[in-house]
Amino acid sequence: MTRDVRGDARPADGPDAPAPPTGGRAMTGPTTRDELPLLLTADEAAALLRTTRKAVYAMAERAALPGAVRIGRRLLVHRDDLLRWLDERRAPSPGRTRR
């Protein structure tokens with residue numbers, strides 16, 4: 001049991017209990033390619049790219065985001081195109097020489 005501000009006892013794991021620290025910003029959700037939906041929303045693409053929704057819309061506007069499709073006002077991004085693009089842009093590991 002812990003005590004709240006007023007000194008009342010309450011269970012430590014109750015609904016008002018603080019969340020344990022995670023040590024940083026953790027990405028939640030799908031972890032493998034097949035767990036991601038075929039078409040990602042702007043929010044899902046932003047989480048995958050670790051950027052903001054606004055940045056995803058700006059990239060799509062500049063045609064710098066592969067697989068971006070507009071359906072009305074909605075922006076969707078094709079999962080495989082985005083993951084392939086990310087794989088192509090991956091930097092080599094430090095210490096390796098590129099031939």
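Colleague: What share of the contacts in the protein chain with a separation of 6 or more comes from residues 24 or more positions apart?

Modeller: A contact means heavy atoms within 4.5 Å, and in the protein chain residues 24 or more positions apart account for 39% of the contacts with a separation of 6 or more. This is a predicted model, in which local features need pLDDT of at least 70 and side-chain atom pairs count only at pLDDT 80 or more, while totals for chains, interfaces and linings use all residues. Residues are numbered from 1 along each chain as its sequence is written, and side-chain values use heavy atoms, with hydrogens and water left out.

Colleague: Which residues have the most contacts inside the largest nonpolar core?

Modeller: A nonpolar core is a set of buried Ala, Val, Leu, Ile, Met, Phe, Trp, Tyr and Cys residues joined through side-chain atoms within 4.5 Å, where buried means under 20% relative accessible area, exposed over 50%, and partly exposed in between (1.4 Å probe, protein chains only). The largest such core has 14 residues, and those with the most contacts inside it are Leu 49, Val 56, Leu 65, Val 77 and Leu 82. Two or more residues each are given to this core by helix 1, helix 2, strand 5 (74–78) and helix 3 (79–88), and the largest share, four residues, comes from helix 1. Leaving aside neighbours within four places in sequence, Leu 49 is in contact with Val 56, Leu 65, Leu 82, Trp 85 and Leu 86.

Colleague: How many salt bridges are found in the whole structure, and where do they lie?

Modeller: Side chains of opposite charge can pair when their charged atoms come close. A salt bridge is a side-chain nitrogen of Lys or Arg within 4 Å of a carboxyl oxygen of Asp or Glu, and a search of the whole structure finds four. One of them joins Arg 53 to Asp 43, with the closest N and O atoms 3.7 Å apart; this pair links distant parts of the chain, Arg 53 being in helix 2 (residues 53–61) and Asp 43 in helix 1 (residues 42–49).

Colleague: Are Asp 80 and Arg 79 buried or exposed?

Modeller: Asp 80 and Arg 79 meet in a salt bridge (3.0 Å, N to O), and both residues are buried.
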